[in-house]
Amino acid sequence: MENAVNAILQDDSTLLGLANNKNYGEYAFNHSVNVAIYAIALGQRIGIPKKYLSHLGMAGLFHDMGKTKIPEEILNKTGKLSAEEWSIMRSHPVIGTELIMRMKEWGELSTRMIEGAFEHHLRYDLTGYPKLARKKKITLFGRIVTIADFYDALVRPRANHRFPYVSEKILGIMLERSGKDFDPAIVKVFINMIGVFPLGTLALLNTNEMGIVAQTQEDPELIDRPKVCLVYYSDGEYRKGKVVDLREVDGVSGEFKRSIVKTLNPNEYSINVAEFLI
Ligand SMILES: [Fe+2]
Ligand SMILES: [Fe+2]
């Protein structure tokens, strides 16, 4: 992030503006940071040189910058948006691009940031928005930020999505739409990166126990055998149990002691996953 840091040191007004803007609440700021993290991690995996990873991070961080100019009533509306409200909402990639274009002193970095801001709602097959007058190929940064944005938007709860989706389901949707909405090669890498059972996944085990994925395994052969914090129900609430390693084998039968049967939606059990991971 060296270049990013330098850019911020030179002119921190933009980033501070993003952090302080009232329209742009905590959710939106966290979302921007998450998109940057996913984008950098993804970029690293597909071999983007380190020098450009900071540009990619900035493209992720500022992708929704145009939303700072969208009225709060529209941004936070819980009900359905009217056609007019939608068209205002859909203007955020263009507004973001204009805002970034004003940061001339950022040089090449601003060009890369524009790719994230302008293209993140454009799909791989060029549908989506903004509508293009002329067909153009979506840039690598644009394709990466689109994937990072889509995933983070669905994985966490917010005003107009009462419940977040479980990761497994989102990755399924992405795979289904790969080649249409998303670059198929990058989707594959992303799915591999997130893993089948990412940290914090609530899972049902074949022992009828419930557990939360507390540590994933490095070895790709064992990605379905993470360490899991068992969860048990007593006195009206779910409590933290011991951490077990799903690689553990039963000495007598030679079989795995526990395996994940399926993932569960933590909201249905009113479990705040974060509390179990601390
Ligand atoms: Fe957006
Ligand atoms: Fe976004």
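**Helix packing and sheet order in a predicted model**

Of the 278 residues of the chain, 45% count as buried (under 20% relative accessible area, with a 1.4 Å probe and protein chains only). This is a predicted model, in which local features need pLDDT of at least 70 and side-chain atom pairs count only at pLDDT 80 or more, while totals for chains, interfaces and linings use all residues. Residues are numbered from 1 along each chain as its sequence is written, and side-chain values use heavy atoms, with hydrogens and water left out.

User: How many helices and strands does the chain have?
Analyst: Helices (H or I, at least four residues) and strands (E, at least two) are DSSP runs, numbered from the N terminus. The secondary structure of the chain comes to 12 helices and 5 strands.

User: Are α3 and α11 roughly parallel or roughly perpendicular to each other?
Analyst: Helix α3 covers residues 26–45 and helix α11 residues 184–194; their axes lie 10 Å apart, at an angle of about 110°. Axes are lines fitted to C-alpha atoms, for helices over the stretch in contact, and angles run from 0 to 180 degrees between N-to-C directions. Angles of 65 to 115 degrees count as roughly perpendicular. The two helices, α3 and α11, are therefore roughly perpendicular.

User: Which residues of α11 make the contact with α3?
Analyst: Contact means heavy atoms within 4.5 Å. On α3, the contact is made by Y38, A41, L42 and R45. On α11, the residues are I186, V189, F190, M193 and I194.

User: In what order do the strands of the open sheet stand?
Analyst: Two strands pair if DSSP finds at least two bridges between them. The edge strands, each pairing on one side only, are β4 (237–245) and β5 (260–264). The pairing is antiparallel, and the order is β4-β3-β2-β1-β5.

User: Which residue of β3 stands opposite I212?
Analyst: I212 belongs to β2, where I212 is the bridge partner of L202. In β3, the residue opposite I212 is C229.

User: Which residue in the hairpin of β1 and β2 takes a positive phi?
Analyst: The hairpin has 4 residues between the strands. A positive phi near 70° is taken by N208.

Terms used
Chains lettered and ligands numbered in written order. Parallel < 35°, antiparallel > 145°, perpendicular 65-115°, else oblique. Buried < 20%, exposed > 50% of the residue type's maximum accessible area, 1.4 Å probe, protein only.
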